[in-house]
Amino acid sequence: DDTERERLRAEGWHFSSDKRKAIATTDEEVDPLHLVCRSGALASPTVLGVLRSLTRPVEMKARALLAVATLAEKDHGRGIVLSQGGADVVVRAMREGANHSTLAANGCAALANLALGEGASKVLAAQGVEATLEAMAAHAGHALRRVRAHRRPRHRQQRGACHAYVVELV
């Protein structure tokens, strides 16, 4: 319904059919997952840019990996991320932040989702399996702790809100 779309646009939502770019920002505090929820696959260049950056904090890169995992849940988003070199970017970010357990967990989730369907060959070529095994070996002590993953809406008050899997070590 066009009226509903216009109302959502007025609230700041973006649709892939709009042929617009995602919200461009250089703000160090931007949450990559929030950006994906607002702009969908249009946010992939910005999210991958966070992962490519040498100056972004590891916590932001962990959120960016969670954003990639969210984008890669669906065929459309997965295809866009893979076409932009997403598998290589995820592996590099995982290796650069190898000591950060949340980054490792989110990176594993991103690689798992990117490997679905025809993405498996790109994840294999990017050494995604090796990166996953390295992350598991580096954080083997966390295996004794309970891991809780749940799906929650980012904007609870809105119907059809973007959901994200949140992985927490408890």
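Which residue's side chain does Lys61 meet in a salt bridge? Glu96 is the partner, at 3.4 Å from N to O; here a salt bridge is a side-chain nitrogen of Lys or Arg within 4 Å of a carboxyl oxygen of Asp or Glu. The views below come back to that pair after a look at the whole chain. This is a predicted model, where local features need pLDDT of at least 70 and side-chain atom pairs count only at pLDDT 80 or more, while totals for chains, interfaces and linings use all residues. Residues are numbered from 1 along each chain as its sequence is written, and side-chain values use heavy atoms, with hydrogens and water left out.

**View 1. The whole chain, for orientation.**
The chain has nine helices and two strands. These are DSSP runs numbered from the N terminus: H or I of at least four residues for helices, E of at least two for strands. Of the 170 residues, 39% count as buried; buried means under 20% relative accessible area, exposed means over 50%, and partly exposed is in between (1.4 Å probe, protein chains only). The accessible surface of the chain comes to about 9500 Å², with 54% of it belonging to carbon and sulfur atoms. Those areas come from the Shrake-Rupley method with a 1.4 Å probe, and for residues only the protein chains shown count as cover. A contact means heavy atoms within 4.5 Å. Among contacts in the chain with a separation of 6 or more, 60% are between residues 24 or more positions apart.

**View 2. The largest nonpolar core.**
In soluble globular proteins, nonpolar side chains tend to be buried together. A nonpolar core is defined here as a set of buried Ala, Val, Leu, Ile, Met, Phe, Trp, Tyr and Cys residues joined through side-chain atoms within 4.5 Å. The largest one in this model has 36 residues, and Val47, Leu51, Val68, Val90, Leu111 and Leu114 touch the most other members. At least two core residues come from each of helix 2 (32-39), helix 3 (44-52), helix 4 (58-71), helix 5 (75-83), helix 6 (86-96), helix 7 (101-114) and helix 9 (128-138). Helix 4 gives the most, with nine residues. Zoom in on Val47 and, leaving out residues up to four places away in sequence, you find it touching Pro32, Val36, Ala64, Ala67 and Val68.

Lys61 sits in helix 4 and Glu96 in helix 6, 35 residues apart, so the pair links distant parts of the chain. Lys61 counts as buried at 7% relative accessibility, whereas Glu96 counts as partly exposed at 42%. Glu96 also meets the side chain of Arg92 in a salt bridge (2.8 Å, N to O). Arg92 and Glu96 both lie in helix 6, four residues apart, which is about one turn of the helix. Arg92 counts as partly exposed, at 34%. Shared partners join Lys61, Arg92 and Glu96 into one salt-bridge network.

**View 3. Arg63 meets Asp31.**
A search of the whole structure finds five salt bridges, and one of them joins the side chains of Arg63 and Asp31 (2.7 Å, N to O). This pair, too, links distant parts of the chain: Arg63 is in helix 4, and Asp31 is in the loop between helix 1 (2-10) and helix 2, 32 residues apart. Arg63 counts as partly exposed at 25% relative accessibility, and Asp31 counts as partly exposed at 22%.

**View 4. A nonpolar patch on the surface.**
Leu124, Val129, Leu133 and Met136 form this patch, with about 390 Å² of accessible area together. Patches are made of residues with over 30% relative accessible area and no salt bridge; like charges are joined within 9 Å, and nonpolar side chains (Val, Leu, Ile, Met, Phe, Trp, Tyr) within 5 Å. Helix 9 gives the most to the patch, with three residues. Leu124 is found in helix 8 (residues 120-125) and is exposed, at 52% relative accessible area.

Gly119 lies in the loop between helix 7 and helix 8 and counts as buried, at 2% relative accessibility. Setting aside neighbours within four places in sequence, Gly119 is in contact with Leu82 and Leu114. Gln127 is found in the loop between helix 8 and helix 9, and its phi is near 65°, a positive value in a residue other than glycine. Gln127 counts as partly exposed, at 39%.
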